[in-house]
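Please look through the sequence and the structure shown here before reading on.

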Amino acid sequence: MRYENPLYLAEEAAALDLLSDQRVALGISRGSPEPADQGWESFGYSDSDDAKAANMARDKFARFLSAIRGDEIAPADPMQFRPDRKLRVEPHSPGLDQRVWWGAGTAATAEWAAAQGVNMMSSTLLTEATGASFGELQRDQIDRYRAAWKSAGHDWTPRVSVSRSIFPITTNLDDLYFGRRSDGQGDQIGIIDGTRSTFGKTYAGEPDELIEALKADPAVEAADTVLLTIPSQLGVDYNLHILESFASYVAPALGWQPNTSGPVTGSTM
């Protein structure tokens, strides 16, 4: 969000949502760590108070939400409209705000996302490290998000997603890529933006092994949506194979149903 014009983004998101019969699900965050030094300044934005531009991202996100919710935010030309008239961003797609997700990297930002009234997306990285497992940290994040949602008094049920690197081994090629790995099978601790952070482990194994391991993951158990992170460098065909293997051999045992069964909804809180 640090790099975006929030009103232009609202315009583009609403147009796409209307063209796609209101099927857009839009994930937004302040942005990941990057190689550029304050790269947003090259795009014409500045934020002298925050080296990571998190405050800038949140301010822009608030303006974006206001726009897609249909608030009148721009003063109208008094020569064309009545005095004191304000205009909303067009086009407008009702309900789009309930399909916006904030990418939360900490429990605190998860609570903030709940206060804003948007869905929460948690990836394979948290900028926290307490000694707890990644799944436990993420479960705490989910619990705090849902508690904050209740406290805020929103009148609809949100969705919560967690991301996992999951590779069912069903072919010899799968075994070559993922089954013979000697590392990457446990959570890892590293430094991101000067903060000790926890990286989630990779799940790779036979389908039955994955089912048991994922059932024991406290965050997967609590979330209503699991996003798979896939290795883009291996190409479209192989990534499709990964997704098909997961959908065929693992996901049904976790309670997954195909979207032909009806629209996805959030868990009752």
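This is a predicted model: local features need pLDDT of at least 70, side-chain atom pairs count only at pLDDT 80 or more; totals for chains, interfaces and linings use all residues.

Y177 has a relative accessibility of 36%, so it counts as partly exposed, whereas Y238, at 10%, counts as buried.

These two residues also form an aromatic pair, Y177 with Y238, in an edge-to-face arrangement with 5.1 Å from centre to centre and 75° between the planes. Because Y177 lies in helix α5 (residues 172–179) and Y238 lies in helix α8, the pair ties together parts that are 61 residues apart in sequence.

## Other aromatic rings

A pair of aromatic rings is described by the distance of the centres and the angle of the planes. The model has 10 aromatic pairs by the rule used here. One of them joins W149 and W156, which are edge-to-face, with their centres 4.9 Å apart and an angle of 90° between the planes. W149 is buried, with a relative accessible area of 2%, and W156 also counts as buried, at 16% relative accessibility.

Beyond these pairs, F61, F64, W102 and W112 form one aromatic cluster.

## The largest nonpolar core

The largest nonpolar core has 44 residues, and the members that touch the most other members are I28, F61, F64, W102, I142 and Y145. Several elements each supply at least two residues of this core, among them the helices α1 (6–19), α2 (54–68), α3 (107–116) and α4 (134–152), and the strands β4 (100–103) and β7 (160–168). The largest share of the core comes from α2, which gives 6 residues.

Which residues is F61 in contact with, leaving aside its neighbours within four places in sequence? The contacts of F61 are M1, I28, V100, W102, W112, Q116 and V118.

## A residue in helix α4

A148 lies in helix α4, and, not counting residues up to four places away in sequence, A148 touches E111 and A114. The C-alpha atoms of A148 and E90 are separated by 31 Å, while the two residues are 58 residues apart along the chain.

## The largest pocket

The largest pocket holds about 1200 Å³ of space. Its lining is made up of 33 residues, and those that lie nearest the centre of this pocket are D224, T225, V226, W256 and V264. The elements β1 (26–28), α6, α7, β11 (225–228) and α8 (236–249) each supply at least two residues of this lining, and the largest share, 4 residues, comes from β11.

How many residues of the lining of the largest pocket are nonpolar, polar and charged? The lining divides into 19 nonpolar, 10 polar and 4 charged residues.

## The second largest pocket

The second largest pocket has a volume of about 550 Å³. It is lined by 25 residues, of which R30, G31, G103, A104 and G105 lie nearest its centre. At least two residues of this lining are supplied by each of β1, α2, β4 and β5 (119–122). By class, the lining of the second largest pocket has 8 nonpolar, 13 polar and 4 charged residues.

Note on methods. Residues are numbered from 1 along each chain as its sequence is written. Side-chain values use heavy atoms; hydrogens and water are left out. A nonpolar core is a set of buried Ala, Val, Leu, Ile, Met, Phe, Trp, Tyr and Cys residues joined through side-chain atoms within 4.5 Å. Buried means under 20% relative accessible area, exposed over 50%, partly exposed in between (1.4 Å probe, protein chains only). Contact means heavy atoms within 4.5 Å. On a 1 Å grid over the protein atoms alone, a cavity is a set of points where a 1.4 Å probe fits but cannot get out, and a pocket is an open set with protein on both sides within 12 Å along at least five of seven lines; lining residues have an atom within 4 Å of a point. Grid points are joined across faces, edges and corners, and a volume is the space filled by probe spheres set on the points. Ala, Val, Leu, Ile, Met, Phe, Trp, Tyr, Cys and Pro count as nonpolar, Asp, Glu, Lys and Arg as charged, and the others, Gly among them, as polar. Rings of Phe, Tyr and Trp (its six-membered ring) pair if their centres lie within 6.5 Å; planes under 30 degrees apart count as stacked, over 60 as edge-to-face and the rest as tilted.
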